[in-house]
Structures are given as structure tokens and as C-alpha cells.
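Visitor: I have a structure to discuss, and I would like to go through it one part at a time. May I show it here and begin with how its helices pack?

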Amino acid sequence: MPPAAYTQIGSVIQDASRSKKLQLLGILSGFAAGAWLGAAEAPTKLVSIGISPMVISLIMVIGVFLARWSLPALILGTSSVRADVRRAPHLVIWALLAGCLWAVANTLTIFAIRDIGLSIAFPLWNSNSLLGILWGFLFFNELRQAGWRRWTGVLGGALVMCAGAALLAVASSTAAPAAHSLRGVWAALGAGILWGTMYIPYRKAYLTGMSPLSFVTFFTFGELGMMATLAVSYLGLAPLWRELTSARDVLFWLMLGGFVWVIGDVFQQYAAKYVGISRGIPLSNSNQLWGLLWGILVFGELHGRGVSTYTQVIGGSVLMMLGVGAIAFSSAIGKEQMRWKDAAQRESQRYGVSADYVEARMDGRQAAGELKPSRSALDWFLVAVATGIFAVFAAMARAPRLSFHWGPAAVLSAATLVLLLVCGLKLWRTTRFH
Amino acid sequence: MHRSSTNQINTSRLASILTDIHFWVPVAVLMGGLLLLRFIR
């Protein structure tokens, strides 16, 4: 065999090994996203006083806004965000659009829970993963030429997860459905459609090469802008301000919930980047399982409930884990990966983004000639401001009196932190957070 | 000369966005969501 053929074979093997590594990284990111998005519910459970759901949502989004600027500044520096935007400025529009979609979906879930209860609402909006699979297939060549085994794994896994989510939601619901049931069903379905569609901008950005850390910094303007507009238009400026000042004791816990949520969301973005939305969304939806673990083990929810409730919890959890497993073992390889590259090439040509940049970033690498990310005084300033704001609210906060089990809290926190460390280190070593 | 080529790039980018189905699907869903919110309020 001539030496050139050896080189070619070596390069193919290297590509396949890199691609497998990125797929595993995406799956690990999906698991970490589930854990952190689930843990984000813990601080909000400390808030049991009667605050309007719209205000709770707005305060969490303020925490989210602070985290979405300070974390990227700390990890890569804003110079890297600016460089990404210069290469693909059109993606700012999609980031804003995705933020608006998130805010409207989140508000719809509030109405859905009010009208039909969590047990019916949750499985309805959890159908976002099925819509994500559809958009991924239609627009981004996901699951094309993937073979029936992978199709069964992804679609079957997502359906099994939806069934598991339904069982968990029934078990964890405490309130009976209220009036306006049809309205509630529409609200929950609407939230699922909005959240499922929100992943179109995600996938578009990552196929074009943008770093998830850059995308979220613009996403959050759409999110905060839309949420603030909705809160003001629903409640009015003066009543909103009154509610905010009267809730100052608990603002910190809600903002902390938002901060923890952002860490989960960043992992979710990396999952969407490296395994696509058809696999990334269902994997991240395992957050319901983690949220339930926090609720049952740490906050003593479901205490004293009958055997049937616990059977539903165990059955729902097993179904969710089976679904997650099926999806995790159906990662994209070979021909499907080539179809992803076709979709990326189409984006690169349409928007005039350098093909080398798109290819390098899809491969989790820096493009040739790209400057190494570095932090400036502005980045440290952003981190200091966000930390200062959190410190001020922490000083005002009061620990509420409620049943809290420290042992399970320590175990769950440790597990979540281990996932952060393992996945964070793996992302750093493999992709330098690109 | 430089300004005219920058304008040209911006115009073509805007045209690419406005003729991209990836733009209109999320916009339509967002509009639908806002209408739904108004209806169920």
C-alpha cells in the first residue's frame, strides 16, 4: 500500500475517534444538564409565601441574566463572544428570538399549572422533545440515514420518557385540576410547541460554529426583555414594584435558582451542539427526575402518601431512565454525521461564514488564525458586579422555616457537583468550551 | 467604496434572513404563543 493511502486511513480513523469523543461529550452534557436543571428547583422550593408566579418567573430571569453574562466572561472572556458575533452576526437575531420563545413558554406553563395542575400539564409540555426530533430531522438533517435501530432508540426513548414523565407528574401533583381545563391544555401544549421550536435557533447557531457561551449572552436579552414586558403588561408597573419590594427576603433564593438553572442550560446547549436536538432535548428532560429526587428526599414531599404514589414514582423513574439509556446508546455515527456536515455547509454558504471556521467549531476546535480567548478587565468587572448583586440580595435574604433534610441534600449536591466537574473538565480538555 | 460594500453585505445578509424558513418558523410560533397568551389571560 502506498504511504498516501496509510495517511488517508489514519486520518479517517482519527476523524471517527474524534467524532465518537464529541458524541460521548454531548451525552455527558445532557446528563449534567438534567442534574443541574433539576437542582435549580431546590432554591425555588424555599419560597412558599404567596408571590405572584409572574414575579417569581421575572426574578429568576434576573438571576439568569446575571449568570448568562458573568459565566461566559469568567470562562472564555467577552473578547471571545465579540469574535463569534463578528463572524456570524446574523445569529444574534436567532438568539433574541429563542429568548423570547423561552419567556412566553415559561409564562404559559404558569397558566397551565393553574388551570389543569402539574400532573396533566407537565407531560403535555414535555412533548417538546418530540417536536425537537421533528425539527432536527426536517431542518438540520438529524437522524437522516441513521438506520432503524437509531430511529427506534431516539423516538422510542423519547416516548418512553414522556410516559415516565406523566407517571412522575401524576405522583407529584397535590392539587386537583381546577376549572378552565381546555384553556390549561392549550397553554401546556403551547408551551411544549414554543420550547420545542426554541431549539431551531440553538441548532442553527451551533451548526454555524458559534460557541454556546456566546449564544446565551444574547439569548438572555430576548428572555429578560420579553419576561419584563409580560410582567409589566400583566401586573402594571406599580403593583409589580410593590410585589418585588415585599418579597425582598426571598429574592436571593429565586435568583440563586436562576443561576443554578443557567449552569444546567449551558450543559444543555453543549448537548444540543454535540449530539443534536433530537437527542439533546430528551436527555436534558431528565431534569424532572432530579427535581423529584430533591422534592422527595430533601424537602419531604410525598411524605405519608400511599403505596400507589410510591409505585408511580418508582415506575416513572425507571421508565425515564430506560428512555435516557435508549437515547444515550443511539448516538449519531457515519452517514448521519455526514448529513450534519451538509447542513453546516449549507449555513456557511448562505450566510457567508468561513467554511474552515464552521468545520473547526463543529469539531470542537479553534479555527486556524483564531485568537486564543483571554479575559480582560471588563470580564472581571462583569464577574464582580454579578457577584456583588448576589451578595447584596444574600444579605437581605432570610432562611425560611421548613422541613429540610441535610443528609440527602449533601449527597445530591455532591453528585451534581461531581457531574459539573467531570463534564466541565471534559468540555475544557476536548473543546476548550467551543 | 468600503462603506458601499459593507452596505451590500448587510443587505444580502438581511435578505438571507428574511428568506430563511428557520427564521419564519420560530417567528410564527412566537406570534402564535403571544396570541394564545392573550386568549387565555
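Visitor: At what angle do α3(A) and helix α5 of chain A cross?

Guide: This is a predicted model. In it, the axes of α3(A) and α5(A), the latter spanning residues 91-116, cross at roughly 150°. These axes come within 10 Å.

Visitor: What does that make α3(A) relative to α5(A)?

Guide: Angles over 145 degrees count as roughly antiparallel, so α3(A) is roughly antiparallel to α5(A). The crossing of these two helices is right-handed.

Visitor: Which residues of α3(A) and α5(A) meet?

Guide: On the α3(A) side they are A:P53, A:M54 and A:S57. On the α5(A) side they are A:N106, A:T107 and A:I110. By class, this contact has three nonpolar and three polar residues, with no charged ones.

Visitor: And α3(A) with α12(A), at what angle do they pack?

Guide: Helix α3, residues 53-75 of chain A, packs with α12(A) at an angle of about 50°, and the axes are 7 Å apart. That angle makes α3(A) oblique to α12(A). The crossing is right-handed.

Visitor: Which residues make that contact of α3(A) and α12(A)?

Guide: From α3(A), they include A:I56, A:I59, A:M60 and A:R68. From α12(A), they include A:L251, A:F259, A:W261 and A:V266. The residues of this contact divide into 16 nonpolar, three polar and one charged.

Visitor: I noticed a proline, A:P72. Where does it lie, and is it buried or exposed?

Guide: A:P72 lies in helix α3 of chain A. A residue is buried if 20 or more other C-beta atoms lie within 10 Å of its own. A:P72 has 25 other C-beta atoms within 10 Å, so this proline is buried.

Visitor: What is A:P72 in contact with, leaving aside its neighbours within four places in sequence?

Guide: With those neighbours left aside, A:P72 is in contact with A:V81, A:L213, A:S214, A:V216 and A:T217. As for A:G323, that residue is 251 residues from A:P72 along the chain, and their C-alpha atoms are separated by 32 Å.

Visitor: Now the core. How many residues has the largest nonpolar core?

Guide: The largest nonpolar core has 144 residues. Those with the most contacts inside the core are A:W36, A:L101, A:A112 and A:L194. The largest share of this core comes from helix α12 of chain A, residues 251-275, which gives 18 residues.

Visitor: Take A:A112, then. What does it touch, not counting residues up to four places away in sequence?

Guide: Beyond those sequence neighbours, A:A112 touches A:A121, A:W125, A:G184, A:A187, A:A188 and A:A191.

Visitor: What about A:S317? Buried or exposed, or in between?

Guide: A:S317 has 19 other C-beta atoms within 10 Å, so this serine is partly exposed. It lies in helix α15 of chain A, residues 307-328. Residues up to four places away in sequence aside, A:S317 touches A:G164, A:L168 and A:L289.

Visitor: Changing topic: how many helices and strands are in chain B?

Guide: Chain B contains two helices and zero strands. Of its 41 residues, 12% count as buried.

Visitor: How many residues from chain B and from chain A does the contact take?

Guide: The contact takes 14 residues from chain B and 23 residues from chain A. On the chain B side, the elements that give two or more residues are α1 (2-18) and α2 (21-40). The largest share of that side, eleven residues, comes from α2(B). By class, that side has ten nonpolar, three polar and one charged residues.

Visitor: One last topic, backbone angles. What is phi of A:Q145?

Guide: Phi of A:Q145 is near 55°, a positive value in a residue other than glycine. Most residues other than glycine have a negative phi. A:Q145 sits in the loop between α7 (128-140) and α8 (148-172) of chain A. With 13 other C-beta atoms within 10 Å, A:Q145 is partly exposed.

Visitor: And A:R432, what is its phi and where does it lie?

Guide: A:R432 has a positive phi of about 55°, although it is not a glycine. This arginine lies in the segment after α19 (406-431) of chain A. A:R432 is partly exposed, because 16 other C-beta atoms lie within 10 Å.

Terms used:
Residues numbered from 1 in each chain as written. Chains lettered and ligands numbered in written order. Predicted model: local features only at pLDDT ≥ 70, side-chain atom pairs only at ≥ 80, totals over all residues. Core = buried A, V, L, I, M, F, W, Y, C linked by C-beta atoms within 7 Å. Helix = DSSP H or I, 4+ residues; strand = E, 2+ residues; numbered from the N terminus. Contact = placed C-beta atoms within 7 Å. Nonpolar A, V, L, I, M, F, W, Y, C, P; charged D, E, K, R; others polar. Axes fitted to C-alpha atoms, helices over the stretch in contact; angles between N-to-C directions. Parallel < 35°, antiparallel > 145°, perpendicular 65-115°, else oblique. Left-handed = near helix turned anticlockwise from the far one by under 90°.
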